[in-house]
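Here are some notes for a colleague who is opening this structure for the first time.

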Amino acid sequence: MVGGLPSVKGNWVKRFGVPPKVRRTGDLGQEGADVRCVGANKGGTAGIISSLDCKRSKGRFYFVPAARPGPCVATQVRRKETAMGQKRNRVLALALAAALVLAMAGCAQKNSNTNTTNSNANTSTKKYKIGIIQPIEHPSLDTIYKGFQDGLKEQGYGDKVTLDFQNAQGDQSTMNTIAQRFISNKDDVVLAIATPAAQAMAAQTTTIPIVGAAVTSFTAAGLVKSDAAPGGNVTGVSDAAPVDAQVGLITNLVPTAKTVGFLYNSGEANSVAQVAQIKAALKAKGLATVDQTVTNTNDVQQATQALAQKCDIMYSPTDNTVASAMPTVAQVSNTAKIPIIVGADSMVSDGGLATAGVDYLQLGKNAATMAIKILEGSKPATMPIETMTKDYQIYINKKEADLFGITIPAVYKDAKLL
Ligand code: TRP
């Protein structure tokens, strides 16, 4: 963001002094405006307006006051060029107007209609600001965030932090906007849930500490120099499960299988890394493999149908794109009578046959412990990546096993049946 300024030339300034209970909507002009919270709402969430806190109507964006309770000032910034990969938003001009008089009693109250928990402006104790970025919605990632919140509370940090949770709903440019929001908000630490979120965040800041949660391979994703000594502003917890255990599920549950079909998004570094390892192990056992990749959730149904024609059993790693369309994958798998082994328990609950996966609630708690260490002065550069590989668990979907006529072998007598 441009420091100093303000040059109002060619730009306009809109002001909002909207107590949260007054559901008035101010015209912001467009997405990408920069918002400052002023007056009694100084502690409120500043940042860049994204589609997350706007309603779109007739091609224009309207500020939803509930998203940022209390008086705010919005200044126009250059609109993002649209497609991802293009230069991120840069503030053209930023003009801070005088504090607004509209501040009324109670206007800095926490608003329950939003995921953003604003600090109470009447409290003088400083709270740490934590931004949480999640790339897409699927149950496993939601569980991680729950574990993170539980972990903070269990360690006495529940009241010491302000959490700003943002979900990009599968959109890369929204992810970049969220990253910008956390940067302009000067968050103390960011929790990046899953690889795409950690990459989006790390691409935009080398100073704000980032804790990556459930990033399969920090090295493959280009986020750290090494797991033992990350060397930059990123550390975190990997959800990699042992390759042998995954391969064992394939060969033990469908011993007659000759060809294994891989379903994943080739743009997800986490998936590419897992697939390469599992393929190598399968090849060493003399099995053939075939790939069917997707680029977004819209591709998933057709890709699964095509893949099912070419293999005896399918495999999908902890791929965020596939996971968010898992019920569709399961339908295709059931109809084609080709089972699918998956990377995580949530994908088993959603109709996958089985997994060797880690405990994501616990993973979220471990990430909270790392975030707290950072708030207390530790540096990500010297905090080794943590793994949960030893604590994995076998999960089997009994209904799916029955559907495919699979008798669960004795080696899996301790498996959790979902
Ligand atoms: N490991 C994934 C990543 O690195 C994130 C993830 C966690 C995930 N749990 C999952 C993906 C379950 C799919 C299903 O991005």
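1. A residue is called buried here when its relative accessible area is under 20%. By that criterion, the buried residues of helix α1 are Ser140, Leu141, Ile144, Tyr145, Gly147, Phe148, Asp150, Gly151 and Leu152. The helix itself has 16 residues and reaches 22 Å from its first C-alpha to its last, which is close to the 22 Å expected at 1.5 Å a residue. After α1 comes Gly156, whose phi is positive, near 75 degrees.

2. Please keep in mind that this is a predicted model, with a chain average pLDDT of 79 and with 70% of the residues scoring at least 70. Over residues 1–32 the pLDDT stays under 50, although the model has 93 contacts beyond four places in sequence for them. Residues 49–124 also stay under 50, and for these the model has 206 such contacts beyond four places in sequence. Where pLDDT is low, the predicted coordinates should not be read in detail.

3. The rings of Tyr128 and Tyr157 are stacked, because their centres lie 6.4 Å apart and their planes meet at 25 degrees. This pair links distant parts of the chain, since Tyr128 belongs to strand β8 (residues 128–134) while Tyr157 lies in the loop between α1 (139–154) and β9 (161–167), 29 residues apart. Tyr128 counts as partly exposed at 27% relative accessibility, whereas Tyr157, at 6%, counts as buried.

4. Tyr145 and Phe165 form a stacked aromatic pair as well, with 4.4 Å from centre to centre and 20 degrees between the planes. Here helix α1, which holds Tyr145, is linked to strand β9, which holds Phe165, and the two residues are 20 apart in the chain. Both Tyr145 and Phe165 are buried.

5. Which residue has its charged end over the ring of Tyr157? That residue is Lys160, whose charged end sits 4.5 Å from the ring centre. Elsewhere, Lys279 lies over the face of Phe262, at 5.8 Å from the centre of the ring.

6. A search of the whole structure finds seven salt bridges, among them one between the side chains of Asp164 and Arg181, with 3.0 Å from N to O. This bridge links distant parts of the chain, with Asp164 in strand β9 and Arg181 in helix α2, 17 residues apart. Asp164 and Arg181 are both buried.

7. Another of the salt bridges joins the side chains of Asp402 and Lys398, also at 3.0 Å from N to O. Because these two residues are four apart in helix α11 (residues 398–403), Asp402 and Lys398 are separated by about one helical turn. Asp402 is partly exposed, with a relative accessible area of 46%, and Lys398 counts as partly exposed at 36%. In the bridge between Asp414 and Lys413, the closest N and O atoms are 3.9 Å apart; Asp414 is exposed at 62%, and Lys413 is exposed at 69%.

8. Two backbone angles deserve a look, given that most residues other than glycine have a negative phi. Gln169 has a positive phi near 50 degrees and is found in the loop between β9 and α2 (172–184). Lys337, which is not a glycine either, has a positive phi of about 60 degrees and is found in the loop between α8 (326–336) and β16 (340–342). Gln169 counts as exposed at 51% relative accessibility, and Lys337 counts as exposed at 51%.

Conventions. Residues numbered from 1 in each chain as written. Predicted model: local features only at pLDDT ≥ 70, side-chain atom pairs only at ≥ 80, totals over all residues. Heavy atoms only, no water. Phe/Tyr/Trp six-rings, centres within 6.5 Å; stacked < 30°, edge-to-face > 60°. Buried < 20%, exposed > 50% of the residue type's maximum accessible area, 1.4 Å probe, protein only. Lys NZ or Arg CZ within 6 Å of the ring centre and 35° of its normal. pLDDT = per-residue confidence, 0-100. Contact = heavy atoms within 4.5 Å. Expected span 1.5 Å × (residues − 1). Salt bridge = Lys/Arg side-chain N within 4 Å of Asp/Glu carboxyl O.
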